[in-house]
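Hello,

Here is the structure I promised to pass on. Please open it first; my notes follow below.

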2 protein chains.
Amino acid sequence: MSKTKIKAKEASTEERIKEAARKLFTQKGFAATRTRDIADEAGINLALLNYYFRSKQKLFDIIMIENFRGLMGLMTGHFRDEQLTMEDKIAKMVGTYIDFISKNPDLPLFVLSELQGNPSAIAARINQEFMPARTQLFKELQESNREGKTALEPFHFVANLIGLTIFPFIARPILQRTTQTTDEQFAAFMQERRTLVPMWIRMMMKPPGK
Amino acid sequence: MSKTKIKAKEASTEERIKEAARKLFTQKGFAATRTRDIADEAGINLALLNYYFRSKQKLFDIIMIENFRGLMGLMTGHFRDEQLTMEDKIAKMVGTYIDFISKNPDLPLFVLSELQGNPSAIAARINQEFMPARTQLFKELQESNREGKTALEPFHFVANLIGLTIFPFIARPILQRTTQTTDEQFAAFMQERRTLVPMWIRMMMKPPGK
DNA sequence: TATTTTTTTAATCATTTGATTAAAATGTTT
DNA sequence: AAACATTTTAATCAAATGATTAAAAAAATA
């Protein structure tokens, strides 16, 4: 099998299957997604799916890893940049997340759901990729805390930063009903949060009485 | 069929099935849960499940409604109490949520997942139950905002309050890995948040320059 | 106790679903 | 064009799964 020679065609079909799979898996989760639906969505024969990916599970794992990388990459990316101040990093991250998830609204809940109760090699494996960025961020935070410039445990920092940014997307159905908000208003609120969340985080980090 | 006479026995088996269903549905979601597994977990014959509940879907709907009520009730409950100040209400709510979800950690993600893309009569129907409490809370908030005592839109308020409280549970797998936290430490952090979150919310509500 | 009603079970259906197979279609190389 | 390799399809399998049925067991009633 000469991979290179058939690359063009192969990539095309393979990609169409993957995109269909990404759409359905992300929307409905692993268990609720039928391989037949993926095939239909991709406009190909069911057997082709197995020809390219062997099994539903294998296809899913690929999608899962890519999705997860997409989400986490946004976070770690900005933290490598030595030029930026912590405040800049936070602002960039929040903005990037809001933009990205606005375009992929089902992604966060999908990742969180499928990770739930899945000790899985995936989680562990992916986690390692982000080890460096994470440790750097935490060093900065702990350093800053030690100097007395801030007072917020890394755990709370991460929980608050991610929570305030992506939770509204996750809880969107309930949230919109609860607050009787239209889709446009929701979008507007999320734009507001682009500046609000960094401001709130700043407040939370400030040491008491300073 | 004389309902009342057989109540005792009926309730017992019915309840066992419901509890098994609640456990599995909440853990793995609708699609991934097999009726056979529910039957096994309940220690009954598969046919009995259909005898009592007609179908998987009907059983699920019952569980879903109860779960959702359990979650939402915590919120609305405290908001009816006219005696409490807004600060008290917030503190009580956060505390109650943290306690409750600590005991039912899978519940939030389950509810959010299954509500996703489910326009379903359930969502609408349940929502109505909480209408009164909600409108009252919002009146209070808007009143307070108008008076200049606070400055936080109801949408942001709800998103932040719920987000800061329950998001850590939802993202627990990722969060614990990211911050390299043991189960004990996680529990401890959540206890810290019992006082931290109300404090943060207070800060967020404060009008600028006041 | 006999009869009727309610609860429970074993066996079985009919679909759905993930996967395979054998062959056809398409593309590539010589 | 012939021979070979790759891609795609239709048909089919086997297992899983939600649901039903007919009959047994247990409980309630007369």
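**How the two chains meet**

Chain B and chain A bury about 4400 Å² between them, with 72% of it on carbon and sulfur atoms. Buried area here is the accessible area (1.4 Å probe) that two parts lose on being put together, summed over both. On the chain B side, B:F155, B:F167 and B:R177 lose the most area to chain A, together 16% of what that side buries.

A word on the source. This is a predicted model: local features need pLDDT of at least 70, side-chain atom pairs count only at pLDDT 80 or more, and totals for chains, interfaces and linings use all residues. Residues are numbered from 1 along each chain as its sequence is written, chains are lettered from A and ligands numbered from 1 in the order in which they are written, and side-chain values use heavy atoms, with hydrogens and water left out.

Back to the interface. 48 residues of chain B are in contact (heavy atoms within 4.5 Å) with 47 residues of chain A. The copies meet through the same surface, because 98% of the interface residues of chain B are also interface residues in chain A. A rotation of 180° with 0.0 Å of shift along its axis superposes chain B on chain A, at an RMSD of 0.0 Å. That is the relation of a two-fold axis. The superposition is by least squares on the C-alpha atoms of residues with pLDDT of at least 70 in both copies.

**A helix pair across the interface**

Helix α9 (residues 154-170) of chain A packs against helix α11 (residues 183-205) of chain B at an angle of about 55°, their axes 11 Å apart. Axes are lines fitted to C-alpha atoms, for helices over the stretch in contact, and angles run from 0 to 180 degrees between N-to-C directions. α9(A) and α11(B) are therefore oblique to each other (under 35 degrees is roughly parallel, over 145 roughly antiparallel, 65 to 115 roughly perpendicular, the rest oblique). From α9(A), A:F155, A:H156, A:A159, A:N160 and A:L164 take part. Their partners in α11(B) include B:F186, B:F189 and B:W200.

**Inside chain A**

Chain A has 11 helices and zero strands. These are DSSP runs, numbered from the N terminus: helices are H or I, at least four residues, and strands are E, at least two. The C-alpha trace of chain A spans about 65 × 45 × 30 Å along its principal axes.

Best wishes
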